[in-house]
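My entries follow in the order I made them.

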Amino acid sequence: MSNARHILGISAYYHDAAAAIVCDGEVVAAAQEERFTRKKHDPGFPGNAVRFCLDQAGLGLGDLAAIAFYDKPLLKFERLLETYYAFAPRGLRSFLMSMPIWIKEKLFQKKLLWDHLLEVAGPGRPDVPMLFPEHHLSHAASAFYPSPFDEAAVMTVDGVGEWATASLCHGEGTGMRILKELHFPHSVGLLYSAFTYFLGFRVNSGEYKLMGLAPYGDPGSAQVAEFERKIRERLVDVAPDGSVWLDQDYFDYATGLRMVREDRWEGLFGMARRDHADELEMCHCNLGLAIQRVTEDIMLKMAAEAKRLTGSRNLCLAGGVALNCVGNGKLQRSGLFDRVWIQPAAGDAGGALGAALAAWHLHFERPRSTCGHLDRMRGSFLGPDVTDQDIARMIRHFSAVGEHFENFDDLCARAAAIMESGAVVGWVQGRMEWGPRALGNRSIIGDPRSPDMQRKMNVNIKYRESFRPFAPSVLAEDAGEYFDLRGADSPYMLLVADVVERHRKPLPPDYASMPVRDKLYTLRSSLPAITHIDFSARVQTVHRETNERYWRLIQAFKARTGCPAIVNTSFNVRGEPIVCTPEDAYRCFMRTDMDALAVGDYLFEKHRQPPWPEDRRWKEEFVLD
Amino acid sequence: MEFLKDLFAFLMERKKWWLMPVILVLLLLGALLIFAGQSAVAPFIYTLF
């Protein structure tokens, strides 16, 4: 190996393409391609993200120690061929569809990657090795190496990588050992995605909607118990170590072009597959609750097995299933581990970062250091910055009318006053977040005490389903006052915790069996906009060390209202990737009923802006998720 | 050439020699497809492949 210290990590060609760059094992930059191309879950080569990472590090391709891709294409191809062989003649149609893609492109992924990289960086292929760590090893590396732990159990769970669909590892210092794997077609992620599909949401993006729907189910009802029994008896056998066996007679994903065999599922559950436009009924909520319970049980069993195998007091999590923050919250409260740390980009985008870290620490065997109680993710603010030039360009482009604040605290005070009046603010500061959650740098924010805020944000601003909950950003030092986090931090909004008893409101006696819409508009706590139907909240604890500006804003809101929390939702509309540049933000601001937009040290109030010329057809620009 | 080297190294490591003729036949078919100018259609349900 040369003296080069940088590794470029890439994930691409399936979904959520991304790039990340690390220097001496420290994360320098990371971004998802969708934020640049404005195409949600963009699976193509992440040319823009690669260019951003190289620019941020001030490097060319020739300066890199290695390029790491987040999975092994040949191993994946082996899995495909063996699966088709095992299921033949079933799957012929799928085989005929997938093989041309592989033979034309995916089998030659190294060449394809180089071709794309040279398009970004210019001609002349440098003598830089290209490495291919396994998919779940990439996830595990993304979970362990940036964590604050010297030693930890590592659990990765997702749909599928090459063969593995879940893994348990043990990380110690620089090393990591894989202890156990679960293999395709048996997969917790695919099981959850199958229910996502059956309940009318989009696979690979609608899973979090299913998670949000589950609490609307009636937890004491016979129907939920019956659904859960059927899932366990007919669809999935859960072993004591958390490994699963899925009865492939009910599923179609291994060789077909659908997730499930609908006729069998309809017979099993006594209801038709829901179309995305159909009204949500109680039976859908109850089925969602049943699969959520089964998933949580599997996660807890897997974690217990990780504990048994490693004896560790710390747990790191990654893989798409680690975005199930309800399950994460239960895991954290189970007491199995003293501390739980979750990679903020737990899905496949995070594989880019994991691949780079695996290359540095495992391939090149370079040492790793931890930095006390803090992790090494820099608050996950690893994307493009907002500069004054960007803001000036935005103002010129849109003839926007803004007010500049010399003192940032004055801007915070004004934004807090606007929120207190019931208005909604777009908040764009500093570097963009890495991972699917907006953490206060590309966020839409409001007053969580307002009973009307959830409906207003869902219907008039995000243009999304009214049942979907919002999350609170709360000052870390005040979090325990409102949420039962048991001392844990949740800086990446990946833990769900209950609103504490003293902030809850009494519920009507028939609450559990009330229709979805009536439940939704029942006042449940002193922070109604962020209290979900079951008194839970997807909490983000805001720390001064990692995001001072956002912390100061919430401080200003607290000084004005006494409330140390605000509503935080990602700065986008339904189907749109989170905004990246000030121009993206202004466009989104003007297209919705947002009342004000703060970008850097500027504030733009809606009533002062020139008329927006666009008609309502802009919504067609984004495919609904 | 680099691909064949990688493929050979992969088969050596995995010891799955039976895949060799399958892959070669598929590559030949692939070459035919490319000459015939067919397009690859992307799967749409779950990106397993």
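Helices (H or I, at least four residues) and strands (E, at least two) are DSSP runs, numbered from the N terminus. I am working on a predicted model, where local features need pLDDT of at least 70, side-chain atom pairs count only at pLDDT 80 or more, and totals for chains, interfaces and linings use all residues. Residues are numbered from 1 along each chain as its sequence is written, while chains are lettered from A and ligands numbered from 1 in the order in which they are written.

**Entry 1: the sheet**

I looked up the strand order. Chain A has an open sheet of nine strands, ordered E13-E21-E20-E14-E15-E19-E16-E18-E17, with mixed pairing.

I then followed strand E16 (residues 471-475) of chain A. Which strand does E16 pair with in the antiparallel sense over four bridges? I found strand E19 (residues 565-570) of chain A. There A:Ala471 stands opposite A:Asn568, and A:Pro472 has A:Val567 as its bridge partner.

E16(A) is also joined to strand E18 (residues 536-542) of chain A; these two run parallel, with three bridges. I noted A:Ser473 opposite A:Gln540 and A:Leu475 opposite A:Val542.

**Entry 2: cover on the strands**

I counted a residue as buried if 20 or more other C-beta atoms lie within 10 Å of its own, exposed if 12 or fewer, and partly exposed in between, with C-beta atoms placed from the backbone. In a regular strand the side chains alternate between the two faces of the sheet.

E16(A) is mostly covered, with five of its five residues buried. A:Ala471, A:Ser473 and A:Leu475 point one way, A:Pro472 and A:Val474 the other.

Why is E18(A) largely enclosed by the rest of the structure? Seven of its seven residues are buried, so the rest of the structure largely encloses E18(A). One side holds A:Ser536, A:Arg538, A:Gln540 and A:Val542. The other holds A:Ala537, A:Val539 and A:Thr541.

**Entry 3: domains**

I took the domain bounds as they come from an automatic or database domain assignment. Chain A is given domain 1 (6-147 + 347-379), domain 2 (183-340) and domain 3 (388-621). The C-alpha centres of domain 1 and domain 3 of chain A lie 32 Å apart. Their contact takes eleven residues from domain 1 and 13 residues from domain 3 of chain A. Contact here means C-beta atoms, placed from the backbone, within 7 Å.

On the domain 1 side, strand E3 (26-32) and helix H1 (34-37) of chain A are the elements that give two or more residues. H1(A) has the largest share, three residues.

**Entry 4: helices**

Helix H3 (residues 73-87) of chain A has 15 residues and reaches 21 Å from its first C-alpha to its last. That is close to the 21 Å expected at 1.5 Å a residue, where the expected span is 1.5 Å times one less than the number of residues. Its buried residues include A:Phe77, A:Leu80 and A:Tyr84.

Helix H7 (residues 188-198) of chain A has eleven of its eleven residues buried. Just after H7(A), I found A:Gly200 with a positive phi of about 90 degrees.

**Entry 5: cores**

I used nonpolar core for a set of buried Ala, Val, Leu, Ile, Met, Phe, Trp, Tyr and Cys residues joined through C-beta atoms within 7 Å. The largest has 195 residues, and A:Ala20, A:Ala352, A:Ala356 and A:Ala598 touch the most other members. Helix H11 (residues 282-310) of chain A gives the most to this core, eleven residues. Leaving aside neighbours within four places in sequence, A:Ala352 is in contact with residues including A:Ile10, A:Ala20 and A:Tyr70. Apart from this core lies another of eight residues, among them A:Tyr84, A:Met99, A:Trp102 and A:Leu107.

**Entry 6: chain B**

I closed with chain B. It has two helices and zero strands. Of its 49 residues, 10% count as buried.

Definitions and conventions
Pairing = 2+ DSSP bridges. Contact = placed C-beta atoms within 7 Å.
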